[in-house]
Amino acid sequence: MAPPRSKKRKPSFRRLLKTSSVKLDNKLKNRQFKQQNADKKQRKEQKKLRQAVKDATLRKPRPLERYKKRPEEEEDEEDFVETLPTDMLEEDDLQQITAMAHKASFLTRDLSSCGPERGGGRKRRAEVVQSYEKLPRKQLKTEEKEVIHLLPIKDKTGVIPQSMERAVVHKEEEEEEEEDVHTGLEEFENEEALQSAAALTAEERQQLRTQTLTEKKLRIAALGSAVISDPTSNIKRLKELRGMLMEAEPSVAVTVRKLVMVSLMEIFKDIIPSYKIRPLTPAERSAKVKKETQQLREFEEGLVSQYKFYLEDLEQTVRDWKQKKRKRSQAVAFDSYLSLAEVAVRCLVELLLTQTHFNFHNNIIVMLVPLMNDPVRKVSQLCCEAFRKLFQQDKLGDASLGAVRVISGLVKSLSYNIRPEVLRTLLSLRIKEVEVKKDTEDTAPKKKFMNYKEKKKNLSRMQRKWKKAEEKLEKELLEAEASESKDKKIKLHTETLNIVFLIYFRILKKAQKSVLLPAVLEGLANFAHLINLEFFDDLLNVLQNLIQSGDLTNRESLHCIQTAFNILSGQGDVLNIDPLKFYSHLYKTLLRLHAGAPNGDIIIVLRCLDVMLTRRRKQVSLQRAMAFVKRLSTLSLHVLPNASVGILASNRAVLHAFPKCDLLLDNEVQGSGFFLPELDEPEHCNPQNTALWELHSLQRHFHPAVRRFAVHLCHGAPSDGSAALGVELSRRSPVELFEDYSVKDMTFNPPVATPSTKKKDRFGGGTTLLDADLQSRVERALTATEEETLDFTAAYTHTHTESDT
């Protein structure tokens, strides 16, 4: 029968670390109290001894003890004293006797008193003797000796054994003595440091801090290099390095803690294996293994435990900053909590991105997701950027699923009162394939293995044996083809996308007027092609109601249009829906864009045009296409050069998709009516009765790419010839051209040629047109020195007199 399991819980490393420090403090305090009590006791005994031996004159007189007499006896004694002849004593003798009576001590008290003191004298004498016994004295200790047998000596008489005695030294006593000496020296040094620090100048304090910091850095470097050089043997050094996170020296506490955090993070990045470590089962622990295997197990257990404690330390640092909780130790001030928390968050972010496969990765996600919504902008940006990178580099989808789950819980717990940047991180998810066509997959035939009953019923013994070997081989082939991992990836992506849409739909339903609506519409536009078909009708109605409400900005309404057409261009192409209202709204929104802040919305317009006109060319009428070409040409006059290039590229794509739009390049009028540029309905504005006169203005644009596109469109967008575009422009999409020619980085593409620096010192050929008299004055003025003063009044009077005459 196995021994009963102990109910006492094994303390954690944090508690052990705290307990060990508390035990050391208590041990030190007890030793100090014992020493103080011994010194106090010794002082008391010495004081009593001095009082007993000291001269009686230094003590106050103590009255002699007498029997209490009856009043009658006292009267008789007074009468007797009065009747004594005092004239026999001289005055000097009387004074000497009186002085002796006053100087009586406890040594004469027993003799001078009239009655016994109830054993008080014996007791005091016994106390005096005991005080001598309690004095510390040195005892002669006999040393234990160890006999060492040496090689014997052979003589004529025979073999003579040889031996040698050596004193036995106990290791425990040596260690205790060394610890006592070490702690005593530390206390002495700390006291001296505190006393001397007050007397140091500012320069000396800075030098002392630099020296202490250098020593700490060398210690950190030594421990880190020892762990990295041989992690299996020196894994316990991590505990010593983690102990430096509790640095108590006020002058270097913050710096040392930051250095230790970063050093531990780099060490763990180097020594963590490329697999996840699982706990051993009881059977594996009890089984006998090789020495190398046991050493590897100990290393893995130590690594997991130290990694866990390190993450707890980082979490505690961030928690102390959030709670504004002051520790008992005065080593770190309140002002340093934020800087320590920022370093801790950076370490957690680095481990989040690099150790996605290792233990406690979900714990790091749970720690960092709430910090994405932190009021401190630096911390929130750091966390949002970390999760954006995590989503981009996560190929399988396991880490992304865990992060999206925690983000969904955060959004729900805070009642949608979060920053829009938290939802914009979801745009970086690498989701391209999900389980959309589930019904067709279920109907497809799948290879099914026979169970045991079917095998026993239909197959013989030999056939069952062959069947078992065949199924095993097929399973191995499936694992080799990695088909299971692909199915797992699609399953993870599907579950992740369901959670993302759940977040978006909740906000659309309950918080339509919140600041999160632009991020939600942007996310829906990004993942609209993956939405399930059964949600299309409801989602299109919601988007249409949002646009018609008039509460959306230009960017939000453009995102609504993009989402609607992404839905219709994917699985929704089987639906027979004419989104005329979305076309009209986009046509109306185009004139609200300009070269200011809305210039960044042009990229959304270019994406919408690609989906609405180019891809849906069969569902779009010629009138609608011509109206959009005319309005886009008007828009290209008052936007930035990169937007003009993108818009003209979109017009080129529309001209290729609708060849009859070349009517806009002719001055002839077809049909009745005239063009109505203010009308917001593209079907009824009569675009066939106008011309693209804007292209002639764009041919004189300062940007060379705009000029080339304008000339190309004026000639009908030919594919070859002198007016054809080059490969660098014709094979690129409008969105790519918009981004390539962007001026957001204050750069001009292509670069502008620098002007000539050659300056002309005098006038050119225009001087021959001047009057001779004026020419002479100009030459005199140009050649005149600074000291000369020009008098123009004489010339003024001379000209006036000539006119008078």
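# Cavities and a helix pair in a predicted model

The structure, a predicted model, holds 2 cavities of 30 Å³ or more.

Visitor: How much space lies in the largest cavity?
Guide: Phe-391, Asp-394, Gly-397 and Ser-400 are among the residues that line this cavity. Leu-429, Arg-430, Ile-431, His-493 and Thr-496 line it too. The space in the largest cavity is about 40 Å³.

Visitor: How does the lining of the largest cavity divide by class?
Guide: The lining includes Phe-391, Asp-394 and Gly-397. Gly counts as polar here, Phe as nonpolar and Asp as charged. By class, the lining has 3 nonpolar, 4 polar and 2 charged residues.

Visitor: Which element gives the largest share of the lining of the second largest cavity?
Guide: This cavity has a volume of about 30 Å³. Its lining residues are Glu-342, Arg-346, Lys-378, Val-379 and Leu-382. Two elements give two or more residues each: α12 (337–354) and α14 (377–393). The largest share, 3 residues, comes from α14.

Visitor: How many charged residues line the second largest cavity?
Guide: Glu, Lys and Arg count as charged. The lining holds Glu-342, Arg-346 and Lys-378, along with Val-379 and Leu-382. By class there are 2 nonpolar residues, no polar ones, and the charged residues number 3.

Visitor: At what angle do the axes of α22 and α24 cross?
Guide: Two packed helices are described by the angle and the distance between their axes. Helix α22 covers residues 536–549, and helix α24 covers residues 580–589. Their axes come within 11 Å. The crossing is left-handed, and its angle is roughly 35 degrees.

Visitor: Which residues of α24 meet α22?
Guide: The contact residues divide into 3 nonpolar, 3 polar and 1 charged. From α22 come Leu-540, Gln-544, Ile-547 and Gln-548. They meet, in α24, Lys-581, Phe-582 and His-585.

Visitor: What is the mean pLDDT of the chain?
Guide: Of the residues, 71% reach 70 or more. The mean for the chain is 77.

Notes:
Residues numbered from 1 in each chain as written. Predicted model: local features only at pLDDT ≥ 70, side-chain atom pairs only at ≥ 80, totals over all residues. Heavy atoms only, no water. pLDDT = per-residue confidence, 0-100. Axes fitted to C-alpha atoms, helices over the stretch in contact; angles between N-to-C directions. Helix = DSSP H or I, 4+ residues; strand = E, 2+ residues; numbered from the N terminus. Left-handed = near helix turned anticlockwise from the far one by under 90°. Contact = heavy atoms within 4.5 Å. 1 Å grid on protein atoms, 1.4 Å probe; cavity = no way out; pocket = protein on both sides within 12 Å on 5 of 7 lines; lining within 4 Å. Points joined across faces, edges and corners; volume = space filled by probe spheres on them.
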